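Hi,

Here is the structure I said I'd pass on.

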Amino acid sequence: MTRNVQRRSLYLLFLVSGAPGLVAQLTWGRVFAAGLGHEVPALIGVVTAFFLGLAAGAWWLQSTVARSRRPLLWYAVLELVSALWVGASALFLPEFCGQMLHWMGLQPGLLRQGSVCVLAPLVALSPATIAMGATLPAIDAAVRQRSVEVRRTGWLYGLNTLGAMSGTLLAVGLLMPNLGFRATLWLAASMQGGCALLAGALAWVDCRDEAATPERTAPAETGMRRGRGGVAWWSAVSGCLGLGFEWLALRGLAHATENTIQTYACGLSVLLGGMGLGAAVQRWARSRRTPWRVGQAAIGVVVAMLVAVALMSAVPRASWKPEEWLGGWGGEMALIALVFGFPSIPMGALYACLLDEVGDEQGGVGWVVGWNAAGAALAGPLVMGVILPTVGLKWTLGLVVMGYGLAFPLAGWRWRVGAVLGAATVLGLLPTPIQALEIPGGASVSRWLDGRLASVAVIRTADGHRALRVNNHFQQGGTATASAARRHVHLPLLLHPAPRRALVLGIGTGVSMGAATAYPGLSTDGVELLPEVIAVLPEFEPENAGLRRRSEVRLMVADARRFARVSPEHYDVIIADLFHPSEDGAGFLYTREHFAALRSRLATGGLLCQWLPLHQMDGDTFRCVVRTFVEVFPEASLWMLRFNADLPVLGLVGGRSEETMVLDPEELGLRLETPGMREALGPVALNTVSRVLGCRVAGRDAVRALAAGGELATDDLPGVLFKAARAVYRRGEPPGERLVRLLREVNPEFSEILPGNRRDAWVPRLEAFRTARDRHLQGLVLESAQQRDAAMDAYVSSTAASPDYTAGYAQAVMVAAAYAREDPVWARQALERLIKARPGERLAAEVLGRIPGAQLAP
């Protein structure tokens, strides 16, 4: 085998090896997110530990590999060590993370939590990451033995980065959604093992002439500072600022994208692809003897990043809607490519310059790789942990841009000053903060907080109502829908005969949780992931009952999964509020392990209610959640939050006991009439037994039938994480039609929850209520489809079905009144039908009397 063939084989080998390394890194991140939580210290800690391992490997093994006469054999051993540990990590990481949680505790300080979140993955992954960190120095030394050209390191880096880009798409698009995390790690280990075997085979047939060293071209003068200090500084700064920009750009794009796991994969793949392309451009320029210098590449980064920041600021204000361009995901990719594409190319060229020129001058590629990884390890704690919450997103991005201008040699101090002043001028002209908000006319932003995980805004409308917005399009409730929000807490509490302790996961505006203060003797704990949400709670007073000042209420900032696994408390009622299923990380809140942890937090006779936003789920995602819930709560039932077809919300209710929940309607009626409760429940239409029990949609057998077609979601394969992300832009059946179809397929089985001596009196009454409810909802769907006559038929049928159900009657009167001027004959006939169906109600007669020419029949 000739030297040229061997060299090209090494290029191909290093290109392929980039894929399994990135697959392992992404999968580790998901495993640790499931184990340690989705809080900032956990997310930062995993990345910090990974890059610290890379740095240690590059520093520690560089000199050994460089002195070796068989560096390719070293590369094979490093790949083999990494493969063995990646495969082993699939077995021990879940249990290891569980132990780390107990060491961390329920409410650890920032220092303790951050230390555990860094040290745990550092210890668990160090054999693999140390080996990965030394692979570039090893393959570089092997290529140098087979080449007369000195500077090929940057090209090697570019090839490996392009391989990593393919690994990103492979992991998120194919492997993790279909195989799960454990099998994905094993497959990545197998791929690394294959690379190790190929490298070993190439080393075995090594045919280089050891008696003669190829004459190499001399490196050109770079005009830069000498000494290891300069190398360390440039490398560390490029690592810190580069990774910091990636995270900040993803934070900014979360305002205009769906912020799913696929959004993250798109961003990372575009960034890696651009950096690989930048390295290729540098290689091509070098072949033309016009290579970029470090200072030139740094200027390119500054200019490109300013363009990217301007795009992040301008795109939302142009009402960017990815779903209207290139089919949703194509639109997101296009937007991400615009923001990441410009800076990533000069960033790749800059790092290639460092590897080619600086690394060669100092005789140690590992020195460059190590300091670059060390700088990347610092990006999380410094950029995301300190600077972002202090100065906000815009000026943190500005500091990153100006950091490139100050840190690198730009042909003299005048260039540096000019770059910084130019960047500051451009940034000063952009809006502060970068608010990617779409707000209704006459509304204003009364509060804005740039947090480490998300941006939180309080929108005040012209009529004085306030709404909570997270990352622009995740609406977390508001005062205009306070009545509906309070039902989230009222209904589960009413299903328990005597609740004394309650837990609410997901506080939002606090309006839902504030409803719990109406129950005498009830103490309530609330858990919220975003501290900024807790900070804006005063904006929603008095509707949230002033939660922060209530002695019976305890508010905690924590990840819901971590809280459920570590807390020693037990609760009579646990309410898991609405979690947007497609949002990155939320899928872990719908796994078997999480539901089992919540079940362990229930007191004897306690119940869990998991609310589901049916309008944000497709059929596969909904069945997956039901299947997983039933696995833990076999006696589960399904309930409806409110009788609405536009934004339907359903709740899965399960108890600690495997016995079916039983409610005595007479005792429930007495509770509803107690002082204080009557005033609290009347405005939310839960003041009668029929209105409470009539929310039941499906009993035990019906829920099990729904679960039969679903996929089980586990921490190893969280199906909701991937299914919901794929369904975001899919135009499927409207949620109202899906709700009506579901109601036809299931049976509430009211007899299950009623004592034997109450069934004869109450089952027919509740069945009539159910019939009226379902016909009303069918009418709403027909009305939205502009089928006026069919909708009115459904409303009249609802009115006649049950005297306890009034929503269908009220909707019919409202529709008839709306047509009184446009079509008085039709309106008169509709009202007359309503009067006949329910003669005891006077509203229809009053409206009919206001229609010109209308006369009531005697």
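This is a predicted model: local features need pLDDT of at least 70, side-chain atom pairs count only at pLDDT 80 or more; totals for chains, interfaces and linings use all residues.

Two strands count as paired here if DSSP finds at least two bridges between them.

How many of the six residues of strand S8 are buried? Six of the six, over residues 571–576, so S8 is largely enclosed by the rest of the structure. Buried here means under 20% relative accessible area.

On one side, S8 is joined by four bridges to strand S5 (residues 501–505), and the two run parallel. Here Val504 stands opposite Ile575 in S8. S8 also pairs with strand S9 (residues 602–613), again in the parallel sense, over five bridges. In that pairing Ile575 stands opposite Cys609 in S9. To get from S8 to S9, the chain passes through helix H17 (residues 592–600), and this β-α-β crossover is right-handed.

Two hairpins in a row

Strand S1 (residues 444–450) and S2 run antiparallel, joined by six bridges, and a hairpin of four residues leads from S1 to S2. Arg447 has Val458 in S2 as its bridge partner. S2 then has five bridges to strand S3 (residues 466–470), also antiparallel, with Ala467 in S3 as the bridge partner of Ile459. This second hairpin has five residues between S2 and S3, and Gly464 in the turn has a positive phi of about 95 degrees. Strand S2 (residues 455–460) itself is mostly covered, since five of its six residues are buried.

A helix pair

Further along, helix H26 (residues 788–801) packs with helix H27 (residues 807–818) at an angle of about 140 degrees, and their axes are 8 Å apart. Are these helices roughly antiparallel or oblique? Roughly antiparallel would take an angle over 145 degrees, and H26 and H27 are therefore oblique to each other. Their crossing is left-handed. If you want to select the contact residues, take Met792, Tyr795, Ser798 and Thr799 in H26, which meet Gly808, Tyr809, Gln811, Ala812, Val815 and Ala816 in H27.

Backbone spots to check

Most residues other than glycine have a negative phi, and most peptide bonds are trans. Here are some places that go the other way.

- The peptide bond from Glu541 to Pro542 is cis, with omega near 5 degrees. Pro542 sits in the loop between helix H15 (531–535) and strand S7 (553–557).
- Ala685 has a positive phi, near 60 degrees. You'll find Ala685 in the loop between helix H20 (677–681) and helix H21 (689–693). With a relative accessible area of 32%, Ala685 is partly exposed.
- Glu749 has a positive phi as well, near 50 degrees. Glu749 lies in the loop between helix H24 (735–745) and helix H25 (759–784). Because its relative accessible area is 15%, Glu749 counts as buried.

That's what I have for now.

Cheers

Conventions:
Residues are numbered from 1 along each chain as its sequence is written. Side-chain values use heavy atoms; hydrogens and water are left out. Buried means under 20% relative accessible area, exposed over 50%, partly exposed in between (1.4 Å probe, protein chains only). A crossover is right-handed if, with the strands pointing away from the viewer, the path from the first strand over the helix to the second runs clockwise. Axes are lines fitted to C-alpha atoms, for helices over the stretch in contact, and angles run from 0 to 180 degrees between N-to-C directions. Angles under 35 degrees count as roughly parallel, over 145 as roughly antiparallel, 65 to 115 as roughly perpendicular and the rest as oblique. A crossing is left-handed if the near helix is turned anticlockwise from the far one by less than a right angle, and right-handed if clockwise. Contact means heavy atoms within 4.5 Å.
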